[in-house]
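Welcome! Here is a short tour of one protein model, written for someone meeting it for the first time. Take a look at the structure, and then read on.

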Amino acid sequence: MIKASGKGWLLSISLFIIALFAVTVPVSAEEQGSSHQLQDGVTEPVFSYEDAIRETVYVESDLDTDRNGEPDRIAVDIIRPGETEDGLEVPVIMDASPYYERLGRGNESEIKDTDGDGVNEQFPLFYDNYFVPRGYAVVLPDMVGTNNSDGCPNTGGPEETESIKAVVEWLNGNAPAYTEDGVKVTADWTTGKVGMIGKSYDGTLANGVASTGVEGLETIVPIGAISSWYDYYRYGGLIYWRNGPSGLANTVVNSERREACAGVREEMVQEADDETGDYNQFWDERNYVPEADNVEASVFLIHGLNDFNVKPKHFMQWWEELSANDVPRKIWLTQTGHVDPFDFRRDEWVNTLHRWFDHWLLDIDNGIMDEPMADIERGKEEWETYETWPADEARETKIRLAPADDEAPGTLTTGPVRGNFDQFFINDPSQSESDMAANELTESENRLMFLSPELEEEVRFSGTPSVEIRSNVDMEDAGLTALIVDYGSDERINHTNRGEGIRTLDVEDCWGARIEGDDACYKQTEIVTHEAPYEIVTRGWMDAKNWKSLSYEELLKPDKNYHFRFDLHPEDYVFKPGHRIGVVIASSDRRYINAYDEPVEFEVSLGQSTVTLPVVGGKKELGF
């Protein structure tokens, strides 16, 4: 301790009082270039929500998706502090969506026009209630072809991205907009800084717009978002469900223009090519990953590791490209499914999002980028943080599929498999995932099961597993499925329940200011767990006839031995001591993939067939 006396003591006391006053008393953030008020380093709710300006403008795009000879105009609902009429400039939080007419946003499916009278009574979700009083504008565009926007949607096509990019450009003075009466309007009330946020399709639009590198987009917060539409409707050449893009476009299109857009949807059916499931130009136009090097915005990515609507592959391939291009980024990975963080970690989410937007849209130095990069959920109310993701210490560790022993129908080893061993299985199109994974010590003609010894120490893997199968197939085509399973009874988040890991309660809590018709109150939720003897950690699939390429097929020859390699969905998972790692190889997976009806037989060469896990610490951590 340093002691002071005389004038030095008085100076120390004075500095302490000044520092204390600076921490506890709100100050004008003139250094931020506005009259925003800060308390404890975050913006305070000093602007009136009731007196906020609510308006709708129509941004004119360069599109003509309905082919009527007129440029499509994009409807944009705006709410901003009243002070912006007197010279205050504010940044923008934008949630662009195709779902504002029906389906809605959030756990309670909020839409804009609640009573169907043609007037938008509310701004869905809590962003407006919470952030407008803190000095932000909230902007909710209707994606092209949906709700009050012109045109026709085409499910992930470049036109959808361009429709929202045009709104960002208008906010930066680079596109025209008009009132409903045709009066030209400018966004002279904004700084031009935009942060896009949204779950699912909304977050997908954020990814797409960011991939254009548009000026003014400072940050995006994609939640359970798509990075490549091929990987939403396909996996390894297999089809999740048919007529998907056309069906979704039919769901989101403005209900009064459904028939007018029928021709666009019919073209999509033809171009998507459900007959083969191959990757083609249609899908290439809907792939944002190759354009990730254009991203200038920071990215706060949130995704469910058990999200099998927008499957985990989406976040991983996007994240890897962002990492390769040194994009400032943060990630949350949850054990729930397709769930918004507002509904699985509400307090922490709102506080973190607040600081994120303050930093990236108001240039407030609040230290959020000095904090760990990754938050990963392990169990109910159990989160761990990491400085990087995937783990720097993860090492691709090859594990061989080996013959049975006295206990297991097949085993796993990191050592060599001496001798030639084959195992057989037959496709069962009615087999479910639970059929594949259950009764691990029992042989089945419709799957192969390989088990590790009981683990002596905790084993974590972080990243994307893969499998390599050496096999003969007795027909020209077949599907392949691989599962990685944790065998060992444990309490786990029940992500297969109706709420995908959460339960909605009757009690509400409130997050921001309110007016009649648009409150800030939402039903609370809780994480749901169950005791289960095993957990399917991750899975992946492949159409065998795409063994060379996703872009074309080559039918199989029954007398030929093939090398099938495919990735599984990424994960970050911890196997506990006493548990076993299981690998299941099968054919059709009727839960996710259009099943093959034929009883195809596979002859798998063990030793030459492997699973590769990104094990933290590498091979030595496995102990077998």
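## Before we start

Buried means under 20% relative accessible area, exposed means over 50%, and partly exposed covers what lies in between, using a 1.4 Å probe and protein chains only. This is a predicted model, in which local features need pLDDT of at least 70, side-chain atom pairs count only at pLDDT 80 or more, and totals for chains, interfaces and linings use all residues. Residues are numbered from 1 along each chain as its sequence is written, and side-chain values use heavy atoms, with hydrogens and water left out.

Helices (H or I, at least four residues) and strands (E, at least two) are DSSP runs, numbered from the N terminus.

## Two disulfides

A disulfide is a covalent bond between the sulfur atoms of two cysteines. Here, a pair of cysteine sulfur atoms within 2.5 Å is taken as a disulfide. How many disulfides does this rule give? The count comes to 2. With the bonded cysteines of the protein chain numbered in sequence order, the pairing reads 1-2, 3-4.

Let us begin with Cys 152 and Cys 261, whose sulfur atoms are 2.1 Å apart in a disulfide. Cys 152 sits in the loop between β7 (137-141) and α3, while Cys 261 sits in the loop between α6 (244-252) and α7 (262-272), so the bond ties together parts that are 109 residues apart in sequence. The torsion about this S-S bond is about -85°, so the disulfide is left-handed. Cys 152 counts as buried because its relative accessibility is 2%, and Cys 261 also counts as buried, at 2%.

The other disulfide joins Cys 510 to Cys 521, with an S to S distance of 2.0 Å. Cys 510 belongs to strand β25 (residues 502-510) and Cys 521 to strand β26 (residues 521-527), and the two cysteines are 11 residues apart. Their S-S torsion is about 100°, so this disulfide is right-handed.

Helix α3 covers residues 158-171. The expected span of a helix is 1.5 Å times one less than its number of residues. For the 14 residues of α3 this gives 20 Å, and the end C-alpha atoms are 20 Å apart, which agrees. Of these 14 residues, 10 are buried, including Ile 164, Val 167, Val 168, Trp 170 and Leu 171. After the helix comes Gly 173, whose phi is positive, near 80°.

How do α3 and helix α4 (residues 201-210) meet? Their axes come within 9 Å and cross at roughly 75°. Axes are lines fitted to C-alpha atoms, for helices over the stretch in contact, and angles run from 0 to 180 degrees between N-to-C directions. Angles under 35 degrees count as roughly parallel, over 145 as roughly antiparallel, 65 to 115 as roughly perpendicular and the rest as oblique. The helices α3 and α4 are therefore roughly perpendicular to each other. Contact means heavy atoms within 4.5 Å; Glu 160, Thr 161, Ile 164, Lys 165 and Val 168 of α3 make it with Tyr 201, Leu 205, Gly 208 and Val 209 of α4.

In α4, 10 of its 10 residues are buried. These buried residues pack against α3, β10 (190-199), β11 (217-223), α6 and α9 (313-324).

## The α6 and α7 pair

The axes of α6 and α7 are 8 Å apart, and the two helices pack at an angle of about 160°. They are therefore roughly antiparallel to each other. On the α6 side, Pro 245, Ser 246, Ala 249 and Asn 250 meet Arg 265, Met 268, Val 269 and Ala 272 of α7.

## Two residues of helix α10

Arg 355 is found in helix α10 (residues 346-362), and His 359 is in helix α10 too. Arg 355 counts as buried because its relative accessibility is 18%; His 359 also counts as buried, at 18%.

Which residues does Arg 355 contact, leaving aside its neighbours within four places in sequence? They are Val 42, Asn 366, Gly 367, Ile 368 and Glu 371. Not counting residues up to four places away, His 359 touches Ile 364, Asp 365, Asn 366, Ile 368 and Met 369. From His 359 to Glu 377 the distance is 25 Å, C-alpha to C-alpha, and the two are 18 residues apart in sequence.
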